[in-house]
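Grab a pencil and keep the viewer open.

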Amino acid sequence: MKPHLTRRGLLGLGVGAGGAVLLGACGDDGPNPVVGGGRNAQPAATNYTGPNVALTFWNGFTGGDGPVMKALVDRFNSENPNIKVTMNVYEWADYYQKVPAAVSTGNGPDLGIMHVEQVATNAARGVVLPLDDVAASLQLKEEDFSPPVWRAGVYNNKRYAIPLDVHPLGMFYNKAVLEKAGLDPDNPPKTKDDYMKALDALKSKGVQGHWATPFPFTGTMQFESLTWQFGGQLFDEQATKPLFAEAPGVQALTWLTDLVKNGYSPKNVAQDADLIALQNGKAAFNWNGIWTINTLKGVKGLTWGVSALPTIGTQPAAWAGSHNFVQFKQRTPDANKLQAGKVFINFISKNSIEWAKGGQVPARKEIREGAEFKGLAEQAAIGSQIDNLHFPPSVPGIPDAMATIDTAINEAILLRKEPGKALADAAAKASQILEQNRKKYGS
């Protein structure tokens, strides 16, 4: 799913800008109740045998992934007659504004999906519940997923999210353009040297092979991937200071801006013009999200492929987002609803091969390693990066600090500031935001 919301767009919204009501100190409402309660209660099993319950499930799947999730919900309802799940879908911008407000008035949904970078903020605000007991009752462990994906849902030593998928960047390529430049259309470049040789070959044929976009989707995502590839980090582990303006970040942004300066990319690339150029044979490569698979499948006559990102730096790495299940705080906890919610989360997770067909990489290892997922050639190619993916620190308010990176990328790729200066200015602003967040969210 291509996100419908930039980081910049979050700044004016509830979750991103502190507009939601704080619902509890540090979001610690204790573990979810277990069915039966009492001193000797154990985590509930993975089935639900209680009275009929109705659950509300909110998400932002307004694109082509929406019908896929709706079909899974319908199937769940047909197989679980004592649980009725109703799915409400909003644009992500509206969703992240509506959810905290609804929870604060006691009218929040029971279940939802959140991008992983939003989890800590909502945990600190008391919007979402700890899910350690859910993970325990479903017998979910780190080895069932992938370390970076599993750890991303932990805040303050408690789990607040169960990962459903990852949606990483991959390298999409136009096979016809490569072939015309004398390059192997079935063997895309994997290293910096091979990539630059390919760009030179394309340039000699009048093709600007990699259009550098100054926008968050996907210029910022490319920058972050490259920063990790060069051995850097965006922030320190606790997000007390930004690190993206240090040498690896400068190397990453310099590489991107040099694409423009050296004629491998046109100047002033418009939003999504890089992807359109790939489709129209004006570019050979496009680093874009997994959601691009379904877009390109709809382009008649286009011969294309996708692979893991080439390793431009010293180690493989890629940006990724991740959709995660959350359960929302209620004024009066209902043990039956909480248990039914576990059954629903488990069902969707177990059947996430269907979700993968909509253009995702399942977070669950047993699904990713199954023959059916491996048969989804494009998703499997991008999914091969699973252990090399990176996520922001699980710290409240981190999207606000990360928005400063968008500005730096825009200024540098548009050649308005040198990479080092653009990043240093952004880091100074990010430091202020991080300090404000520490005061705002406390412990």
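## Exercise 1: A residue in a loop

Isoleucine 290 sits in the loop between β8 (285-289) and α13 (292-297). Keep in mind that the model is a predicted one.

**Task.** Work out whether isoleucine 290 is buried or exposed, and list what isoleucine 290 touches beyond residues up to four places away in sequence.

**Solution.** 
- Step 1: start with accessibility. Isoleucine 290 has 0% relative accessibility, and buried means under 20%, so isoleucine 290 counts as buried.
- Step 2: look for contacts. Leaving out residues up to four places away in sequence, isoleucine 290 touches His167, Pro168, Gly359, Gln360, Val361, Gln379 and Ile382.
- Step 3: check a C-alpha distance. Isoleucine 290 and leucine 169 are 121 residues apart along the chain, yet their C-alpha atoms are separated by 6.1 Å.

## Exercise 2: The whole chain

**Task.** Find how many helices and strands the protein has, and what share of its residues count as buried.

**Solution.** 
- Step 1: count the elements. There are 20 helices and 13 strands in the protein.
- Step 2: take the burial. The protein has 443 residues, and 57% of them count as buried.
- Step 3: Among contacts with a separation of 6 or more, 79% are between residues 24 or more positions apart.

## Exercise 3: α3 against α14

**Task.** Describe how helix α3 (residues 65-79) packs on helix α14 (residues 335-350), and name the residues that make the contact.

**Solution.** 
- Step 1: get the geometry. The axes of α3 and α14 are 11 Å apart, and the packing angle is about 125°.
- Step 2: classify the angle. Perpendicular runs from 65 to 115 degrees and antiparallel starts over 145, so α3 and α14 are oblique to each other.
- Step 3: The crossing of α3 and α14 is right-handed.
- Step 4: list the residues. From α3 come Met69, Leu72, Val73, Arg75, Phe76 and Glu79, and from α14 come Val343, Phe344, Phe347 and Ile348.
- Step 5: sort them by class. The contact of α3 with α14 has eight nonpolar residues, two charged ones and no polar ones.

## Exercise 4: α11 against α20

**Solution.** 
- Step 1: read the axes. Those of α11 and α20 come within 9 Å and cross at roughly 130°.
- Step 2: classify. α11 and α20 are therefore oblique to each other, and their crossing is right-handed.
- Step 3: find who meets whom. Gly249, Val250, Leu253, Thr254 and Thr257 of α11 meet Pro419, Gly420 and Leu423 of α20.
- Step 4: sort by class. The contact of α11 with α20 has four nonpolar, four polar and no charged residues.

## Exercise 5: Salt bridges

**Solution.** 
- Step 1: take aspartate 133 and lysine 342. Their closest N and O atoms are 3.2 Å apart. Aspartate 133 is in helix α6 (residues 132-137) and lysine 342 in helix α14, so this pair ties together parts that are 209 residues apart in sequence. Both aspartate 133 and lysine 342 are buried.
- Step 2: take glutamate 142 and arginine 151, which form a salt bridge at 3.0 Å, N to O. Glutamate 142 counts as partly exposed at 25% relative accessibility, while arginine 151 counts as exposed at 52%.
- Step 3: take lysine 417 and glutamate 411, joined at 3.5 Å, N to O. Lysine 417, at 26% relative accessibility, counts as partly exposed.
- Step 4: follow the shared partners. Salt bridges link Glu411, Lys417, Lys421 and Asp425 into one network.

Terms used
Residues are numbered from 1 along each chain as its sequence is written. This is a predicted model: local features need pLDDT of at least 70, side-chain atom pairs count only at pLDDT 80 or more; totals for chains, interfaces and linings use all residues. Side-chain values use heavy atoms; hydrogens and water are left out. Axes are lines fitted to C-alpha atoms, for helices over the stretch in contact, and angles run from 0 to 180 degrees between N-to-C directions. Helices (H or I, at least four residues) and strands (E, at least two) are DSSP runs, numbered from the N terminus. Angles under 35 degrees count as roughly parallel, over 145 as roughly antiparallel, 65 to 115 as roughly perpendicular and the rest as oblique. A crossing is left-handed if the near helix is turned anticlockwise from the far one by less than a right angle, and right-handed if clockwise. Contact means heavy atoms within 4.5 Å. Ala, Val, Leu, Ile, Met, Phe, Trp, Tyr, Cys and Pro count as nonpolar, Asp, Glu, Lys and Arg as charged, and the others, Gly among them, as polar. A salt bridge is a side-chain nitrogen of Lys or Arg within 4 Å of a carboxyl oxygen of Asp or Glu. Buried means under 20% relative accessible area, exposed over 50%, partly exposed in between (1.4 Å probe, protein chains only).
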